[in-house]
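Trainee: I would like to go through the labels used for this model and ask what stands behind each.
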Amino acid sequence: MSTTQLFVELLITGFGGLVWLVIFICSICGINMEQVFNYNYSTFFIIPVSGFAYVLGILIDRLGYQLFIKYEKRNIPIVFENSADYPKDKTGITYAEPIITYIMHKSKHLENQMMYNRTRLRLSRSWILNFFFIAIALFCYYLTQDNGNCEIFIVLSVLTLVLCIYAFFIWKTLARDYFKNIKTSYDLLKEGMWIGKEDIESN
């Protein structure tokens, strides 16, 4: 994955985090959220906001990793079935890291495919958190408002919570598919059945 792709990925995550952070601040400080989002900001304001969103994206991505990686790795013995054909760790469970390194060394195309799947996995778990916090922030904002026309925030909170649940199920599917893709790629390379574009060009 290129640095630009990773930067964009973290920005997408970070701007989602920025949304719930701003809503929480508006709730705590009693600020009208409409005024914040409709304010005529200077173009130069984008630079510090993007920088902050990038840092926030890193933090959310890391939090998502810490919360979900244990459950993602539960797919390894299911997908690889603890076959003797794959490297094992000290506990006898299939060790995915050497397999991933092998794929990256042998095929650029399969490496790119694997990185793409990993990107989708990271974004899905980050947005589980973002959707969850946005839903909570919207509900908190509703509770702090005296305006009787704020029921829309309850509706938005429920819809965002639904998106959070949907993202959770997408993440579960992507986590299983990620390791399935690794297993298939590794098997093809070990059996000599994979012919990539780079292999054709070298011949």
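Mentor: Start with the bend at a residue, which is the angle between axes fitted to the seven residues ending there and the seven starting there. The model is predicted: local features need pLDDT of at least 70, side-chain atom pairs count only at pLDDT 80 or more, and totals for chains, interfaces and linings use all residues. Residues are numbered from 1 along each chain as its sequence is written, and side-chain values use heavy atoms, without hydrogens and water.

Trainee: Where does H3 bend, and by how much?
Mentor: At glutamine 66, by about 35°. Helices are DSSP runs (H or I, at least four residues), numbered from the N terminus.

Trainee: What makes H3 roughly perpendicular to H6?
Mentor: Helix H3 (residues 46–72) and helix H6 (residues 108–144) pack at an angle of about 110°, with axes 9 Å apart. Axes are lines fitted to C-alpha atoms over the stretch in contact, and angles run from 0 to 180 degrees between N-to-C directions. Roughly perpendicular covers 65 to 115 degrees, so H3 is roughly perpendicular to H6.

Trainee: Why is the pair of tryptophan 20 and phenylalanine 24 called edge-to-face?
Mentor: Rings of Phe, Tyr and Trp (its six-membered ring) pair if their centres lie within 6.5 Å, and planes over 60 degrees apart count as edge-to-face. Tryptophan 20 and phenylalanine 24 are 6.2 Å centre to centre with 85° between the planes, so the pair is edge-to-face. Both are buried (under 20% relative accessible area, 1.4 Å probe, protein chains only).

Trainee: What makes tyrosine 178 and phenylalanine 179 an edge-to-face pair?
Mentor: Their values are 5.1 Å centre to centre and 70° between the planes.

Methods: Helix = DSSP H or I, 4+ residues; strand = E, 2+ residues; numbered from the N terminus. Parallel < 35°, antiparallel > 145°, perpendicular 65-115°, else oblique. Phe/Tyr/Trp six-rings, centres within 6.5 Å; stacked < 30°, edge-to-face > 60°. Buried < 20%, exposed > 50% of the residue type's maximum accessible area, 1.4 Å probe, protein only.
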